Amino acid sequence: MLKRKLIITNNLAFPAIILVALIIRIFSSLVIFANGKVSFIGYDSFYHMRRIIDATYNFPNYLTFDSYLNYPFGFELGWPPLYDLMAAFLALILGGGSPDIHTIEVAGALLPFFLGVLTLIPVYVVASTIFEKRTALFSAGVLALLPVHVSVSRVGAVDHHVAEILFSTTAFAFFMLSLKHARVVDLSISDIKRVLNRTVAKPLIYAICSGIVLSLSVFTWLGSPIFIGLIGLYAIVQFTLDLKENRSSQYLITSGITTYLTTLILVAPVCIASIRPGFEVSAGFLSWFHVFYITFLLVFFVILGSLSHIVYLKKFKWWYYPASVVVLVAGGTTALSMFSSEFYHNMLSALVYLGGGGDILGTIVEAQPLFHNPDGEFTLVPLLGSFTLLFLTAFTGFSFMVRNTIKGYCTPEAVFFVVWTMVVGFLMLSQRRFTYLFSINVSILTGYFIMVFPGVSKLGILGMVANAGQKQKNWQIASIVFVLCILIFPAVAQSVSVVNNPSVVPSDWQESLIWLESNTPQTSYYLNPVEKPEYGVMSWWDYGNWIVYLSHRPVVTNNFQAGVGDAARFFLSTDESDANIILEARNVRYVVTDINMVKGKFRNIVQLAGEDYLSYYTNPATKMELGTKTLIVENDRFRNTVLTKLHVFDGDMLGNLRLIYESSTTKTQNPEVKYVKIFEFVEGAKITGFAAPHQTVYAVTNVISNRGRVFEYHNIAIANETGWYELTVSYSTVDVPYDTRAVTPYLIGTEKSDVVVEVSISEDDVVNGKEIWVDLV
């Protein structure tokens, strides 16, 4: 009776885990679907939604070029299309073939939720293939609650990361099943002729399925070649272990070749059809690169397998094999660099990118090394935020598996999982954002740890063995307390925090971008971005996707970072004429800034402009009661940047940029600075005339913002040796079209003269750069 109850309990456990995963991930919908609107999480979600809308209306075609990015030049999109096409297909289903924008947005918000929950299935398969079903249940349970996986699979997280996890885990699950069944029947290449035999067909079908899903991964994420290459890396390790134990590796040769060949057959026609001029062998686009790469791995795998078989048949010493592989890899790499330099450099660039190299990646927080903060200091925050204390159990479980692998106790499937963990772990150490990929490994390793932890292995899934002795029961109770209190509760608390506080667009940004859309001239080609629109918007790259999606306006730079150099140089300019040259070259009409650009993001702006961050600050030592404290204080170079003049000083001392809107939230006092500000680039009215030679001429007026904040705007010019001067002002005092406006006429004068002239400036004067003559002598 007890055994029957435990079986029923275990059978109900996986559906219960699925239900828990559904419930916790759907909590974010309370924010995402609030007030009858659909919000999205982060930055990239908004560009995915732009592509999803386009794909829905043009299915199965998708956006490959966008004139609203890198304005005015446009941008060739390298993102593979599958994730966006899946969301578009879901939208078409939900909308009965003709969905409106709201339905498409709902579909986009829900897709990561569905894909995230589906990932529990391959996790269960992987864990049960390596270990057994109870470990698989624990592994799936951990993934259901793991904060980093919840983060990328909650409602509203419209990004392909969750699809990367699903496809890579599923592909590896099929490959491991192929290894397991091929090893059991000692499958070889010659057995393929008996493909109708069930024992032969089963591992081959699994290998084919692995190749199919790997192909889907290629069509989803540009980094997917790392998953394909991982199988080749594993093969080197497994061939070596098999030779050391004097075992044939025919099963691995058959499974590997079948997987690679299937992947190549499916990837090649799609990539060849997707080739674009100028990107024929680019790793950043679906291209010949992927065809060459998979072909190279297939040939390499055949050579590895053949070499292994020769060493096995000839009874050579096992270490001959890894030594030969080292020589083979070195020779192959050299030959590749000599005879196919373009492919070689693309592959090298891809590896550098995945490893976190490059100036731009160095400024992206999520691309920082796992244990380093932006200042280069050691930190555990990303690790704890992603996994809580479960990283400790995962590390312990991994140590057990490595020990068993070294001693030869592990099956080929377990060895594959060890290699998989090491490769993805390296990616995570290089770039903290890859913690989401490592979530699978942490879940399975933690499930393994729970099962080998004293007392836990004797538990039913939801209860203790009834006939256990008192001492055993005490161990079991202690194990439950440890698992729940030390491991599970912190993970649950962190996941609940993740879904209750989704990083949607701040309200100040939302209201500002809605205002920008409603109060500035509409630009053309938004839904068909093949032609150049009328003007662009300058902001920092983080906000580009928000501006495109919420304001329907082109941007100089966005999260693809094209145009980021011009943006950085513009914001750091200390000479207005240099800044204007950039705006004119980019045909910019509006500039959007926020307080974070002046504070936290300023370091990144400086770095991408190729400047020294510390040159914008001084470090005075302030005396304290218990010693001195070194402060970082902005210096004149910081205060003279266009960014500071705009966001802190409202365009004061600038003649061609004027504040036209600011958001409601005040972020600092003295001076009072709002969260988000929008500026217009104008010709500026030219006030010119004669004053005393070499005198400083000023123009000053009072401006009231749309929030009722009053500030003083002025600009200056120095008269030449003849007394002639010209200064430019950006605010009109008559016929102002915005709520932010000058409320007093300009006062024009010089520092050493009592002559002051009152002047009114019309909107036409400012917009068309008209000249107003004012003599001060």
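View 1. The largest nonpolar core runs to 236 residues, and the ones with the most contacts inside it are Trp420, Met538, Trp540, Phe570, Phe571, Val591 and Ile748. Helix 9 (residues 161-184) gives this core its largest share, 12 residues. A nonpolar core here is a set of buried Ala, Val, Leu, Ile, Met, Phe, Trp, Tyr and Cys residues joined through side-chain atoms within 4.5 Å. Keep in mind that this is a predicted model, where local features need pLDDT of at least 70, side-chain atom pairs count only at pLDDT 80 or more, and totals for chains, interfaces and linings use all residues. Residues are numbered from 1 along each chain as its sequence is written, and side-chain values use heavy atoms, with hydrogens and water left out.

**View 2. Around Ile748.** Ile748 is one of the core residues with the most contacts inside the core. Skipping neighbours within four places in sequence, Ile748 is in contact (heavy atoms within 4.5 Å) with Ile687, Val697, Tyr698, Ala699, Tyr725, Val755, Val756, Val757, Val759, Val774 and Leu776.

**View 3. Val743 in its loop.** Val743 sits in the loop between strand 17 (741-742) and strand 18 (746-750). Helices (H or I, at least four residues) and strands (E, at least two) are DSSP runs, numbered from the N terminus. With a relative accessible area of 45%, Val743 is partly exposed; buried means under 20%, exposed over 50%, and partly exposed in between, using a 1.4 Å probe and protein chains only. Not counting residues up to four places away in sequence, Val743 touches Asn702, Val703 and Ile704. Thr135 is 608 residues away from Val743 along the chain, and their C-alpha atoms are separated by 72 Å.

**View 4. His290 tucked into helix 13.** His290 belongs to helix 13 (residues 288-314) and is buried, with a relative accessible area of 2%. Its side chain reaches the backbone oxygen of Phe285 at 3.4 Å. Beyond the neighbours within four places in sequence, His290 is in contact with Val218, Pro225, Val267, Cys271, Ser282, Ala283 and Phe285.

View 5. Strand 3 and strand 4 (residues 588-594) pair in the parallel sense over three bridges, and Gly536 stands opposite Val588 in strand 4.

Definitions and conventions
Polar contact = N/O pair within 3.5 Å; in protein donor to acceptor, adjacent residues only side chain to side chain. Pairing = 2+ DSSP bridges.
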